[in-house]
Amino acid sequence: MADFTKAVWGIVMKRKIMFLVGVLSVLALGGCQKGSGTNGDGVDIYYAAIESGDYYEGWAKQLEEEAKGAGASFQVGYAENSVETQNSQVKDALKEGCNVLLCGPVSSETVTDIKAAAGEMPIVFLNNAPDDKELESDKYIYVASDEFMAGQYQAEYILEKYQDREEINVAILKGPKGASGAEGRTNGLKKTLEKSGKKINYVFEDNAGWSTEQAQELMGIFLDTGNKVDCVAANNDDMALGAIAACEEAKADMDSIIFLGVDASVKGCQSITEGKLDFTVYQAMSSQISAAVEAAGRLAAGKSIKGIDGATEDRKYVLVPFEKVDAGNVAQYDQSVKY
């Protein structure tokens with residue numbers, strides 16, 4: 001009888017061990033679960049974000065909502081501006097079964113490494129543009145708005161307001177060195193201004209890293225020189241607000257200076273409503289997110305992005321138009337922007 005009991009106990013223990021092994025196997029593979037919806041079955045998205053914080057976490061939240069709405073699974077990792085961390089996260093996503101990558105590269109110079117870490121996963125780049133040579137039709141693509149156009153729109157506003165002047169003094173507050181948004185917006189601004197035939201004096205130009213505080217400090221230093229400025233064109237709203245704060249602190253003649261930003265952020269729109277910021281450019285974040293998730297679904301299935309609104313003929317870009325925002329239409333954007 002003792003031998004029988006021992007045998008039964010052995011069978012029970014064996015089954016428990018097999019059950020635990022099965023559970024552990026499921027947990028180990030739990031990184032990128034298969035999508036449960038009709039449209040996104042088998043689409044397992046990993047978003048490799050540049051860093052945490054309100055801005056990129058806002059992107060992640062809306063990307064996840066869009067992905068889940070399409071029936072795809074979604075994960076996010078924040079690289080905290082570390083190239084090594086981002087590459088490691090991408091490698092882990094590949095091991096866990098993700099089959100398409102959304103990526104805001106920490107540096108455009110490390111895109112080759114990101115592609116290597118991703119193996120055969122197709123990539124939809126966001127937030128920071130890779131070099132065109134790094135892109136490949138229907139495999140490595142970039143979804144964004146045309147950064148040049150944002151600067152062009154700023155310049156057009158300046159030229160309209162100062163159409164009776166032959167000479168304009170311009171201060172420029174730029175994003176981080178090497179950032180595609182900073183370079184594209186600054187180029188669009190300068191080239192459009194210089195085509196006007198007017199004399200354009202760049203009385204101040206510096207990188208303020210998208211930061212309100214840094215922009216305020218730099219603008220304060222410039223104002224101490226006593227040089228005249230007619231307009232301050234910032235690569236984003238936060239820096240424009242920093243410039244406004246510096247001018248208010250220095251008791252400058254606010255009515256004689258035009259302030260321009262980009263993003264149509266909540267604070268930017270509020271500043272226009274208050275009569276401080278004159279102009280901004282709305283980057284249709286929600287449209288970019290929809291396009292990115294749609295493109296990710298197609299690439300994961302081995303399909304082309306052809307036919308997506310804004311897709312270029314070479315099938316390497318999906319470009320979402322910017323929109324002009326000033327006092328005349330700011331209420332519309334103040335209600336719709338989500339950050």
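Lys324 is partly exposed, with a relative accessible area of 41%; here, buried means under 20% relative accessible area, exposed over 50%, and partly exposed in between (1.4 Å probe, protein chains only). The structure is a predicted model, in which local features need pLDDT of at least 70 and side-chain atom pairs count only at pLDDT 80 or more, while totals for chains, interfaces and linings use all residues. Residues are numbered from 1 along each chain as its sequence is written, and side-chain values use heavy atoms, with hydrogens and water left out.

Side chains of opposite charge can pair when their charged atoms come close. A salt bridge is taken as a side-chain nitrogen of Lys or Arg within 4 Å of a carboxyl oxygen of Asp or Glu, and by this rule the count comes to 14. One of them joins Lys324 to Glu156, with the closest N and O atoms 3.2 Å apart. This pair links distant parts of the chain, since Lys324 sits in strand β12 and Glu156 in helix α5, 168 residues apart. Helices (H or I, at least four residues) and strands (E, at least two) are DSSP runs numbered from the N terminus. Glu156 itself is partly exposed at 29% relative accessibility.

Another salt bridge brings Lys139 and Glu120 together through their side chains (3.2 Å, N to O). Lys139 lies in the loop between β4 (123-125) and β5 (140-144) and Glu120 in the loop between α4 (111-117) and β4, so the pair ties together parts 19 residues apart in sequence. Glu120 is exposed, at 65% relative accessible area. Arg165, Lys228 and Asp230 form a linked network of salt bridges.

With 15 residues at 1.5 Å each, α5 should span 21 Å, which agrees with the 22 Å between its end C-alpha atoms; the expected span is 1.5 Å times one less than the number of residues. The buried residues of α5 include Glu147, Tyr153, Tyr157 and Leu159. Among the elements covering these buried residues are β6 (167-174), α6 (180-194) and β12 (322-325), where contact means heavy atoms within 4.5 Å.

Turning to helix α10 (residues 285-300), Gln288 has its place there and counts as buried at 1% relative accessibility. Leaving aside neighbours within four places in sequence, Gln288 is in contact with Trp59, Val143, Ala144, Ser145, Gln283 and Val320. The side chain of Gln288 also makes a polar contact of 3.0 Å with that of Ser145, and one of 3.1 Å with that of Gln283. A polar contact is a pair of N or O atoms within 3.5 Å; within protein, one must be able to donate a hydrogen and the other to accept it, and residues adjacent in sequence count only if both atoms are side-chain atoms.
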